[in-house]
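Hi,

Here is the structure I said I would pass on.

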Amino acid sequence: MLSGGVKVIETPTGLFAAMPSRRSTSGEYRDTCFPIVKELREQINEVVLEAYRKALLQAGEQTLQVEESEEGGFPHE
């Protein structure tokens, strides 16, 4: 399955994957993806959150590498 527009939302009870949606002519947002079976919704949520966590780790590692190169990149005179 390939789907765009999935969002990771943080709530007081934790993170969850919100399905893609579009704004209707009345201004309401309506989901455009409907995982009908509970197990499918849970599986999609699990896969999306795992990818989100991996992306956060990679972004953190890249930031750390940039900070380290900035700190030690030029000899002090």
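Lys-38 and Glu-42 sit four residues apart in helix 1, about one turn of the helix. Helices here are DSSP runs of H or I with at least four residues, strands are runs of E with at least two, and both are numbered from the N terminus.

Before I go on, the ground rules. This is a predicted model, where local features need pLDDT of at least 70 and side-chain atom pairs count only at pLDDT 80 or more, while totals for chains, interfaces and linings use all residues. Residues are numbered from 1 along each chain as its sequence is written, and side-chain values use heavy atoms, with hydrogens and water left out.

Back to that pair: the side chains of Lys-38 and Glu-42 form a salt bridge, at 3.9 Å from N to O. The cut-off is a side-chain nitrogen of Lys or Arg within 4 Å of a carboxyl oxygen of Asp or Glu. Lys-38 counts as exposed, at 59% relative accessibility, whereas Glu-42 is partly exposed at 43%. (Buried is under 20% relative accessible area, exposed is over 50%, and partly exposed is in between, with a 1.4 Å probe and protein chains only.)

By this rule there are two salt bridges. Glu-28 makes one with Arg-30, with 3.7 Å between the closest N and O atoms. Glu-28 is partly exposed, at a relative accessible area of 43%.

**A nonpolar patch**

Phe-34, Ile-36, Val-37 and Leu-40 make up a nonpolar surface patch, with about 450 Å² of accessible area together. Patch members need over 30% relative accessible area and no salt bridge; like charges are joined within 9 Å, and nonpolar side chains (Val, Leu, Ile, Met, Phe, Trp, Tyr) within 5 Å. The areas are Shrake-Rupley values with a 1.4 Å probe, and for residues only the protein chains shown count as cover.

Strand 1 and strand 2 (residues 14-18) pair antiparallel over five bridges; pairing takes at least two DSSP bridges between the strands. A hairpin of two residues links them, and Lys-7 stands opposite Ala-18 in strand 2.

Gly-5 belongs to the segment before strand 1 (7-11) and is partly exposed, at 45%. What does Gly-5 touch, leaving aside its neighbours within four places in sequence? Gly-5 is in contact (heavy atoms within 4.5 Å) with Ala-18, Met-19 and Pro-20. The C-alpha atoms of Gly-5 and Met-19 are 7.2 Å apart, with the two residues 14 apart along the chain.

Cheers
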